[in-house]
Amino acid sequence: MKTVAVSLESYKPLPEGAQQYPFDFAQSNRAVKLRETETEVFVGLCDPGNQAALSSLKLFHRKPLRPCAIDPAEFASWLGKLRGSGGIEGPGGQEGDEHLALDDVANDAPVINYVNGLIIDAIRANSSDIHIECFQDEALVRFRVDGCLSIVDRFPKQRFAAVTIRLKLMANLNIMEKRMPQDGRIMADLGTDRVELRVSFVPIARGESIVLRVLGGSSAPGRLSDLGISQRDLGQMEALLAYPHGLILASGPTGSGKTTTLSSMLRQLPAESLKLISIEDPIEYLIPGACQIQTNEAIGLGFDSLLRRVLRQDPSVIMVGEIRDRDTAELSVRAALTGHLVLSSLHTNDAVSCVARLRDLGVEPYLIASTLRAAIAQRLVRKVCP
């Protein structure tokens with residue numbers, strides 16, 4: 001029986017309710033009914049060679065089957081939405097047994113499938129952030145794609161607690177803490193991509209606001225020429241990287257792509273002949289040939305303390321993820337003054353404000369004049385879909 005590979009998107013809307021396979025059957029056999037006509041049935045299978053599933057389907061339909069190979073990740077996303085649309089129960093149990101009840105809900109298969117499905121959908125959509133928020137009547141899930149937020153799902157507010165707990169468990173956070181903000185990380189594998197999710201929980205009036213920042217995977221930057229920068233600006237930026245020492249700053253508001261630009265600049269440099277070191281919070285992209293260091297304030301490893309130690313490593317180029325305080329600013333400037341090329345970012349609205357910001361941080365004007373090679377201001381611009 002010939003099998004072709006298809007996408008679930010091309011068969012939507014898929015059969016639902018009584019016209020679709022029961023959840024347990026679909027989950028155990030990794031099968032979904034794509035379409036049924038009077039003469040044949042199109043069936044999607046993650047494993048088209050599963051003879052037991054094919055035999056069961058033949059007996060069930062009693063008409064010719066058209067087996068199609070489907071992407072397991074796409075199937076998991078559909079399965080999560082199928083169960084999540086009506087199968088996630090909120091936390092229950094008697095008072096005083098809250099921890100056990102919540103833990104049972106968070107580890108229930110419907111919750112796992114739903115959360116996994118959301119993460120898979122976000123990665124496949126090249127989303128930069130996942131927002132999950134609970135309002136008066138319902139909970140909303142939104143993806144930020146190309147800088148714009150759009151609603152991708154809604155579910156009853158009673159189910160929000162289960163989703164929250166599941167994400168906290170995945171990020172190794174305290175599921176009982178609802179009053180204080182919490183930050184964590186989740187590592188996700190999707191085929192050949194290994195994606196890191198940076199998770200933030202903040203208490204709000206009706207529960208918690210959850211934001212997951214999607215890092216790495218297919219969104220990892222390439223060279224500067226891949227970022228859509230104009231040829232004139234690209235030539236200037238490449239010329240800046242030829243300087244043996246000095247300070248180059250990328251500026252712009254949060255989420256404007258400063259880290260992506262700095263990472264691409266670092267990739268542009270010959271790692272074989274230069275010692276490249278980056279200090280980041282967090283490490284968003286892995287850069288071949290660069291020694292990347294993660295800050296950890298809990299044990300005293302901030303940007304300033306790491307920068308002092310990095311200077312003893314004989315670096316050629318140093319990337320400091322962000323200049324936030326006076327110590328980091330002064331150390332970055334002095335590193336640039338003593339023969340290192342330093343790349344970093346500042347939160348300012350334009351390039352000119354970088355000078356004023358450095359002065360606000362306590363850097364002397366003569367040091368700024370001696371070291372600052374360039375300040376780059378940038379924004380994200382949406383591209384027309386081809």
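Visitor: Leaving aside its neighbours within four places in sequence, which residues is Ile210 in contact with?

Guide: Ile210 is in contact with Ile130, His131, Ile132, Phe160, Thr164, Leu167, Val199, Ser200 and Phe201, where contact means heavy atoms within 4.5 Å. This is a predicted model, in which local features need pLDDT of at least 70 and side-chain atom pairs count only at pLDDT 80 or more, while totals for chains, interfaces and linings use all residues. Residues are numbered from 1 along each chain as its sequence is written, and side-chain values use heavy atoms, with hydrogens and water left out.

Visitor: And which residues have the most contacts inside the largest nonpolar core?

Guide: Those are Ile130, Ile132, Val141, Phe155, Leu167, Ile210 and Leu212, in a core of 32 residues. A nonpolar core here is a set of buried Ala, Val, Leu, Ile, Met, Phe, Trp, Tyr and Cys residues joined through side-chain atoms within 4.5 Å, and buried means under 20% relative accessible area, with exposed over 50% and partly exposed in between (1.4 Å probe, protein chains only).

Visitor: Which elements supply at least two residues each of this core?

Guide: They are helix 5 (109-124), strand 5 (129-134), strand 6 (138-145), helix 6 (160-170), strand 8 (182-190), strand 9 (193-204) and strand 10 (207-216). Helix 5 gives the largest share of the core, 8 residues. Helices (H or I, at least four residues) and strands (E, at least two) are DSSP runs, numbered from the N terminus. There is also a second, separate core of 24 residues, which includes Ile323, Cys354, Leu358 and Ile368.

Visitor: Changing topic, what is the strand order in the open sheet of 4 strands?

Guide: The order is 1-4-3-2, with mixed pairing, and two strands pair if DSSP finds at least two bridges between them. The edge strands, each pairing on one side only, are strand 1 (4-5) and strand 2 (31-36). Strand 3 (residues 41-45) and strand 4 (residues 65-69) are parallel and share 5 bridges, with Gly44 having Cys68 in strand 4 as its bridge partner. Helix 2 (residues 51-61) packs on this sheet and touches strand 2, strand 3 and strand 4, its direction making about 145 degrees with that of strand 4. Such axes are lines fitted to C-alpha atoms, for helices over the stretch in contact, and angles run from 0 to 180 degrees between N-to-C directions.

Visitor: How many bridges join strand 1 to strand 4?

Guide: There are 2 bridges, and the two strands run parallel; the bridge partner of Ala5 in strand 4 is Ala69. Strand 4 is mostly covered, with 4 of its 5 residues buried.

Visitor: What about the open sheet of 6 strands, what order does it have?

Guide: Its order is 13-12-14-15-11-16, with parallel pairing. Strand 13 (290-294) and strand 16 (372-377) are at the edges with a single partner strand each, so one side of each has no neighbour in the sheet. From one strand to the next the twist averages 15 degrees. Strand 11 (residues 246-251) and strand 15 (residues 341-346) run parallel and are joined by 6 bridges, and Leu249 has Ser344 in strand 15 as its bridge partner.

Visitor: Last topic, how many aromatic pairs does the search find?

Guide: It finds 5 aromatic pairs; rings of Phe, Tyr and Trp (its six-membered ring) pair if their centres lie within 6.5 Å, and planes under 30 degrees apart count as stacked, over 60 as edge-to-face and the rest as tilted. One of them is the tilted pair of Tyr11 and Phe42, at 6.2 Å centre to centre and 40 degrees between the planes. Tyr11 and Phe42 are both buried. Another, Tyr21 with Phe60, is edge-to-face, at 6.4 Å and 75 degrees.

Visitor: Is Phe60 buried or exposed?

Guide: Phe60 counts as exposed, at 59% relative accessibility, whereas Tyr21 is buried, at 5% relative accessible area. Tyr21, Phe25 and Phe60 form one aromatic cluster.
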